[in-house]
Amino acid sequence: MMAAFSVARSSCGLFSGLRVSFRSLAHIKYGAAAAAAASPQTPLPPDCRRYSVSHLSVRERIEQKRKAALIGGGQKRIDAQHKRGKLTARERVELLLDAESFVETDMFVEHRCSDFGMEQDSNKFPGDSVVTGRGRINGRLVYVFSQVLTAGLRAESGGRVPRSVIYTLSALFQDFTVFGGSLSGAHAQKICKVMDQAMTVGAPVIGLNDSGGARIQEGVESLAGYADIFLRNVLASGVVPQISLIMGPCAGGAVYSPALTDFTFMVKDTSYLFITGPDVVKSVTNEDVTQEELGGAKTHTTVSGVAHRAFENDVEALLNLREFFNFLPLSNQDPAPVRECHDPSDRLVKSLDTIVPFESTKAYDMLDIIHAIVDERDFFEIMPNYAKNIVVGFARMNGRTVGIVGNQPKVASGCLDINSSVKGARFVRFCDAFNIPIITFVDVPGFLPGTAQEYGGIIRHGAKLLYAYAEATVPKITVITRKAYGGAYDVMSSKHLRGDVNYAWPTAEVAVMGAKGAVQIIFRGKENQAEAEAEYVEKFANPFPAAVRGFVDDIIEPSTTRRKICSDLEVLASKKQVNPWKKHANIPL
Amino acid sequence: MAVYRQAVLLDRLLFAVKYAPCQSRGCAVDPRAQYSTAASLNEKTFDKILIANRGEIACRVMKTCKKMGIQTVAVHSDVDSSAVHVKMADEAVCVGPAPTNKSYLNMEAILEAIRHTGAQAVHPGYGFLSENKEFAKRLVADGVTFIGPDTHAIQAMGDKIESKLIAKAAKVNTIPGFDGVVKTAEEAVKIAQQIGYPVMIKASAGGGGKGMRIAWNDEETREGFRFSSQEAASSFGDDRLLIEKYIDNPRHIEIQVLADKHGNALWLNERECSIQRRNQKVVEEAPSTFLDPDTRRAMGEQAVQLAKAVKYSSAGTVEFLVDSKKNFYFLEMNTRLQVEHPITECITGLDLVEQMIRVAKGYRLQHEQKDIPINGWAIESRVYAEDPYKSFGLPSIGRLSQYQEPLNLSNVRVDSGIEEGSDISIYYDPMISKLVTFGSTRAEALARMEDALDSYVIRGVTHNIPLLREIITHPRFISGDISTNFLPEVYPDGFKGHQLDVESRRELLAAAVALYITSQLRSQKILGDLRVSSAPMESSCWELCVELGEGQHHVHVIKSGNVYTVEADGGKVEVCGQWNLASTLLPITVNGADRMLQCLSREASGTLVLQYMGTLFKLQILSKRAAELNSYMPEKVSEDTSSILRSPMPGTVVAVSVKPGDTVAEGQEICVIEAMKMQNSLTAAKPAKVKSVHCKAGETVGEGDLLVELE
């Protein structure tokens, strides 16, 4: 990094007609760009950037600006980015979208800051620090913005977030001299423009975040820019799907845009999300923590639940994003997409007949059931490493996108706790907002007891999942594979919450609680507890009590589950259900 | 609990209905060559038979019972309560928890099950109680027929030394040798000369091949005597030496015999079982390429002599070692139905289980020696749930998430006791099935075996099909040049999977890119009326970059209909197929030749895992541009395996020999893992200090679990 810096510096020196001081790192950028421009293939005058006094025609100037916009920070910065194992903003867009489908907007936008020498042309870049436009993923329309963290900020080791990124929305400090993908008013305006258009057209927005944060030189203008984006994130929420892919640092106020979008994905080892960086943490709470521990992909996909999935590198992340995009409808006006399917909808899945163990305490893997039932065993799991006692994700049934929610008996017996409730609730609400049918596999022994949960507010968090299922009007199909105990039975898309089709497998047990606990209450003091338990099991540990009351529509052979769900979805495609009018509902946040 | 029992009953009832067609399918493939499906109905045998076994052999026996109209009783451990053999049986009794010594070896419980169900006879299968004379004795005492030989035959043949003496007396060739105290080197030379070189010298007390020395001349005999007698005295405190004829490059060939209780005995030809690993058979065939009719008759007649000498009844197997000059020597006799009996059934048309049941009831043999044919050729591959890349097979466990036997092919017989969804657990033998193919010639049977292995879908556990496929296509195997040392000789550095040549690599690349493009194109096919129109990319020509192993291949593809013309590595291949993205099997035609591939996974990142020629290959397919950008992606550092010890297989920790802070030398034992009756010692890869221990004796561990960390 240091080498690049000095090369850039010396090349600046060659064109020493410039008068700016080297205090500002922005000059490096200029230097590199100028160096590139001065290469033999493009014999341009060294001062080509000072358009105002240029003798060039408008047409030539357009060409030059386009060229400058395409090259971004210059080849040296591109190389530096590559060296860090990252791609440039344009390369990312190229990989994300279908070949040659990208239509760029606002390539000529420049920032309008006039303080700290920013007004100089040398500090202006066509396109500013973000690439925006629209394109196609597998032929389907999408709007994208991709931030340009091209800066080799200071002489820091590769792949690390510049220390200067550490600041909060309200407390900007340290000398921020380079754009570094930083958010200027113009940058924000560009993003808002594509978001506005995405809303009017009805197409998803994908943000590829790699930004140094607010542009300090712009002060409140930059803050206003953030707020403009936040507002649009919120207005677009539930109208068009919004996806954030964090591909570099994202700190301070900037984190709230990804947080407001529907899905946040991260790239391992190169992306960070935090409100304040390790230095501030150290000075405020005296905790020693690395960036990776504080806000790396692992932290956010396993501990905090901020990010929904992490990928190995830029290429893998973008290719997976393409795959993921395929599951989503373009907007809330569109039905769940139906893709051509090679998997027979009436396929019997024999292996399911034996999957639930005879002992009701023995675990099995809910993912085995999901993989066996969905099209081509293709399941895009959301938050696979967070609150693993519930499994959520997208799959297809006979080609149609469905959202799948399942209790995971393999982890904590599949109980509902704070994290799994919140994870499930958010997923259910996304599906409901975008017309994606929800299939729920139930094997839940109840809510997790204990002070940690009660103090943590399991009551209001558990209520979220209940709320989400109750308000959802998309087709809801429920399969009780084994336990459906207590309040958790109600919560998990039960008939009482307007479940459209509720099935039970022969192994299902719908009851208020497990036999042991129930017997201790019902037959308190009775001598022969074992006999009482057997009686209880006989009465309740089977699907009949629910079936005789019509709380499950049918008891089905597990092997026929796929066939039944596919045919139900066909019928439910025309389901119409409307909740009472309200300004908006008041989910217990 | 009552409800459960109801459910079980209901399940069983349902299964009986479901399984019926399966049954007939299994036998109807080609009844002529498998074994006779028509039982002699006028013979009354038993009303009810209990099968004291599990897995494929229990199912195999039940098939014949059903054919003969005999009711069947299964016994099972608690983890096997929904196993195939349980569902197949008319009645089932749980005889204990999972460990075999508490269930399938639990004589009390099994005898109780017999009393409870009123079974008149017991078929023991192989393994477990099949050669347990105590069990046979107690059955007789209870008035229950043991479907197998008499107790004294079991006993006589069960003792290695006694069986050799009986064999010698019955004029069966035995390995010439001397076992006793040898005083001087000259005495040893004299014995060796009598036996004839080469000879093997070792301490009698040393088990297996331990301390074994081979001498080809007098001088080497003297040297061998010196070492072995020293070792015998120092290591074992037992002076006795064993000097025995050394069989160079032996083959393991066995003769199936069948005898009744009236002194009649037949030999049903031989089985070649030389392909072994760790003394366990992997591939068997009948007949053997090595035997001429004279040798075969000689072996058969000797086998029958031995059977008669011990008044053998029922089916049994006489094992021989055969040297390169077709000298054969008696090894041992197995007094039970062998695992590999199906190949004998295939070439003789006899149903051995049926014959065993008849004989047990006291009927005479239906056939004479001249009626026993060799019809065609049969080959059996033992399909195991094990990783062939680790010393030719270390057990693997898991749930068979997908499982499909190649029964759609003709001349294929699959004996299995599992189905899709079954668990392969650590408690029992990891055999998935016995895959048997036959044909009028060996070449035909081998070709069919290739097809069958390629079409066999097993997912959820690691299996040995890669190894089986390599064995049966190896030139040495095809030419019949095999011995019990085949595997270590052919793969001195361990098995490495199918090695691609330029041609086959191109085929694989072509199939992979065609599948990749199919899935890419399918991604654009969104059905229904779209509010926002879609703009799919129309293309019929692609430039792709495929990573396969260490190599990168630039591939040019042109598509027309279902046909892809693929240019790679300076050659052109045309592949066509149905390209069904949901199917596990991928039948394709490559330059006019039929190939069966399997697709195991297809990921968004372009990673594709294909099974080709039996072996799994991982490929990453990217567009040219994506590959270019991918080259900037950093290599993720993999963990340093020398300082981390992970369990190579699922099993139980038997012993942990170190504790944190200990210093270990390279090769020093760190812990012992046991799985499926096999103990594995795990050793340090370098001298180091133990940082932490993550397991303790008695614990169950999964494959890849962290056991010990070194500093």
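Modeller: Helices and strands here are DSSP runs, at least four residues (H or I) for a helix and at least two (E) for a strand, numbered from the N terminus. With those names, the loop to start from is the one between β19 (402-404) and β20 (412-416) of chain B, where Glu405(B) sits. Please keep in mind that this is a predicted model.

The side chain of Glu405(B) has a polar contact of 2.7 Å with the side chain of Tyr403(B). Another polar contact, of 2.5 Å, links the side chains of Glu405(B) and Ser416(B). If you set aside neighbours within four places in sequence, the residues in contact with Glu405(B) are Val414(B), Ser416(B), Ile418(B) and Tyr456(B).

Staying in chain B, let us turn to another glutamate, Glu254(B), which belongs to strand β10 (residues 251-259). Glu254(B) counts as buried because its relative accessibility is 0%, and buried means under 20%. Its side chain is joined to that of Lys281(B) by a polar contact of 3.0 Å. Beyond the residues up to four places away in sequence, Glu254(B) touches a list of residues that includes Asn269(B), Arg271(B), Cys273(B), Lys281(B), Phe320(B) and Glu340(B).

The backbone of chain B deserves a look too. Most residues other than glycine have a negative phi, and most peptide bonds are trans. Tyr197(B) and Pro198(B) are joined by a cis peptide bond, with omega about -5°. Pro198(B) lies in the loop between α9 (185-195) and β7 (199-203) of chain B. A cis peptide bond also runs from Ala286(B) to Pro287(B), where omega is near -5°. You will find Pro287(B) in the loop between β12 (280-286) and α11 (293-309) of chain B.

As for phi, Asn279(B) is not a glycine, yet its phi is positive, at about 65°. Asn279(B) is in the loop between β11 (265-277) and β12 of chain B, and it counts as exposed because its relative accessibility is 72%. Ser314(B), a residue other than glycine, has a positive phi as well, near 85°. Ser314(B) is part of strand β13 (residues 314-322) of chain B, and with 1% relative accessibility it counts as buried.

Now on to chain A, which has 21 helices and 18 strands. Of its 589 residues, 59% count as buried. When contacts in chain A between residues at least 6 apart in sequence are considered, 73% of them join residues at least 24 apart.

Some of those helices pack on one another. In chain A, helix α14 (residues 418-433) and helix α16 (residues 458-471) have axes 8 Å apart and pack at an angle of about 25°. Angles under 35 degrees count as roughly parallel, so that is how α14(A) and α16(A) are described. The crossing of α14(A) past α16(A) is left-handed. Among the residues that meet are Val422(A), Ala425(A) and Val428(A) from α14(A), and Leu465(A), Ala468(A) and Tyr469(A) from α16(A). By class, this contact of α14(A) with α16(A) holds 8 nonpolar, 4 polar and 4 charged residues.

Helix α5 (residues 89-96) and helix α12 (residues 314-325) of chain A pack at an angle of about 40°, and their axes are 9 Å apart. α5(A) and α12(A) are therefore oblique to each other, and their crossing is right-handed. From α5(A), Arg92(A), Leu95(A) and Leu96(A) meet Asp314(A), Val315(A), Leu318(A), Leu321(A) and Arg322(A) of α12(A). The contact of α5(A) with α12(A) divides into 5 nonpolar, no polar and 3 charged residues.

One last stop is Glu535(A), in helix α19 (residues 529-540) of chain A. Glu535(A) is partly exposed, since its relative accessible area is 35%. Apart from residues up to four places away in sequence, Glu535(A) touches Phe523(A) and Lys526(A). Glu535(A) and Val519(A) are 16 residues apart in sequence, and their C-alpha atoms are 9.1 Å apart in space.

Technical notes. Residues are numbered from 1 along each chain as its sequence is written. Chains are lettered from A and ligands numbered from 1 in the order in which they are written. This is a predicted model: local features need pLDDT of at least 70, side-chain atom pairs count only at pLDDT 80 or more; totals for chains, interfaces and linings use all residues. Side-chain values use heavy atoms; hydrogens and water are left out. Axes are lines fitted to C-alpha atoms, for helices over the stretch in contact, and angles run from 0 to 180 degrees between N-to-C directions. Angles under 35 degrees count as roughly parallel, over 145 as roughly antiparallel, 65 to 115 as roughly perpendicular and the rest as oblique. A crossing is left-handed if the near helix is turned anticlockwise from the far one by less than a right angle, and right-handed if clockwise. Contact means heavy atoms within 4.5 Å. Ala, Val, Leu, Ile, Met, Phe, Trp, Tyr, Cys and Pro count as nonpolar, Asp, Glu, Lys and Arg as charged, and the others, Gly among them, as polar. Buried means under 20% relative accessible area, exposed over 50%, partly exposed in between (1.4 Å probe, protein chains only). A polar contact is a pair of N or O atoms within 3.5 Å; within protein, one must be able to donate a hydrogen and the other to accept it, and residues adjacent in sequence count only if both atoms are side-chain atoms.
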